[in-house]
Amino acid sequence: VIKCKAAVAWEAGKPLSLEEVEVAPPKAHEVRIKIVATAVCHTDAYTLSGADPEGCFPVILGHEGAGIVESVGEGVTKVKPGDTVIPLYIPQCGECKFCKNPKTNLCQKIRITQGKGLMPDGTSRFTCKGKQIYHFMGTSTFSEYTVVADISVAKIDAAAPLDKVCLLGCGISTGYGAAINTAKVEPGSTCAVFGLGGVGLAVIMGCKTAGASRIIGIDLNKDKYAKAKEFGATECISPEDFKKPIQEVLVEMTDGGVDYSFECIGNVGVMRAALEACHKGWGVSVIVGVAAAGQEISTRPFQLVTGRTWKGTAFGGWKSVDNVPKLVTDYMSKKMKIDEFVTHTLPFDKINEAFELMHTGK
C-alpha cells in the first residue's frame, strides 16, 4: 500500500481537500501509476457541483493525466513498471462489440463499474481516514498514485513532456477528433466553432489541419479571440453584438450557412443554434459539449428533412489505446499544438485555484 497526497472531494459543492490517502496495490489486470501531471476539466467541476447524477462521494476526481507505471497486477502484458502512460477514461478492450466495430470508440467492457466509481471487480483502491474513496471516470488523476484497469492505459513515447501531453487525456483529443474523425471536415470548407475554451481551440486546430478555408469562432468572452486566431480561426464574433439570433447572422455571413459547426459548451440552446447555422442540403453539426443531466435538445424537424445532419462525439471518436500514442507522436513531430493550450502551471496544493481560473475563463 502506498501513502500519498490526493485531492479528495468529500461532498458536492465543497472545495477539494488535500489529504493523505492509501492506494492499494493493483489486482489482476490493473495498473498502478505515479501521476506526474494532471489538468482540470469542466467535467470534473460538473461532478463536483453535485449536478452529475452518476456522481459518487467521497471521490478522487481528475481524468486528464499522465504518469509512470509504478507496478502492475497479475496478467498485465501491455505495460510494465517504468513505462510512460496516459490513463484513459474511455478504455479499449479490443474484445467487446463496440471495440470490434470501426464506427465507434465507446468500449463498454468496464462501463458499469466505472460509472459507479469502482474498479472492474466492484471495489475501490483508495482509502482515506478509514473511509473508502470512490474512483472517477476510471482514472482519478487528482492523486499522486492511482490504479486503473489495464485496458484504460495508453503507453506513450518516454520522451514526451508529461505536463503537456496529459491534455491528450481528454480536451485536446476530443476537440481535434471531433473535426477530423466525427465531422470529417473537408478541404476548403467553412466551419463555425461555438465556445472557445480548450476543446473549442482543439476543434479549430482540427479544422485547420483538415484544410478548412474559413473558421468562425463564437464566444461571449472576447479575451479568447486572440488565442482562437493563433490556432487558426479566421474571424471571431460574439452573439451579444447582434440583434438577431446568431444562427441567422452566420447564415448571412456564409451565403446560406456553414458546412460544419461544433458546439463545445454543453448548452442545449447553443446546440440548436449550431445546427441551424448549417447549410441546407449538406451541413453537419457536431455536439461536443456535455449538457447537464435531464436536458433535451430541440429544433424543427424541417432542419433535418432539408439535409442537415446532427451528430455527437465522445473523446473525438479516437479508439483510445491505439490512437493516443499516435497523437503524442504527432505532437512530438510538431504536427499538432499542445504547449499553446497551457495557460497556467500550478503546484498540486493549488488545485482549487486551478478550478477558479477555469470558471473565470482564464
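Analyst: Happy to! Let's start with the record: UniProt, in an unreviewed entry, lists residues 28–156 as "domain: Alcohol dehydrogenase-like N-terminal". UniProt positions are given here in the numbering used for this chain, feature names are shortened, and annotations may be inferred rather than shown by experiment. Over residues 28–156 the chain is 13% helix and 29% strand, with end C-alpha atoms 22 Å apart. Helices (H or I, at least four residues) and strands (E, at least two) are DSSP runs, numbered from the N terminus.

A word on the basis: this is a predicted model, where local features need pLDDT of at least 70 and side-chain atom pairs count only at pLDDT 80 or more, while totals for chains, interfaces and linings use all residues. Residues are numbered from 1 along each chain as its sequence is written, and side-chain values use heavy atoms, leaving out hydrogens and water.

Two loops are worth a stop. The peptide bond from Phe57 to Pro58 is cis, with omega near -5°, and Pro58 sits in the loop between helix H1 (42–49) and strand E4 (64–72). Met137, in the loop between strand E7 (131–133) and strand E8 (145–149), has phi near 55°, a positive value in a residue other than glycine.

Now for the meeting place. The protein is divided into domain 1 (2–169 + 319–352) and domain 2 (174–314), with bounds from an automatic or database domain assignment. Their C-alpha centres lie 29 Å apart. Twelve residues from domain 1 and 13 residues from domain 2 take part in the contact, meaning heavy atoms within 4.5 Å.

The two domains bury about 980 Å² between them, 66% of it on carbon and sulfur atoms. Buried area is the accessible area (1.4 Å probe) that two parts lose on being put together, summed over both. In domain 1, Lys337, Glu340 and Phe341 lose the most area to domain 2, together 46% of what that side buries.

By class, the side of domain 1 that touches domain 2 has nine nonpolar, one polar and two charged residues. Here Ala, Val, Leu, Ile, Met, Phe, Trp, Tyr, Cys and Pro count as nonpolar, Asp, Glu, Lys and Arg as charged, and the others, Gly among them, as polar.

Across this interface the rule finds zero salt bridges (a side-chain nitrogen of Lys or Arg within 4 Å of a carboxyl oxygen of Asp or Glu).
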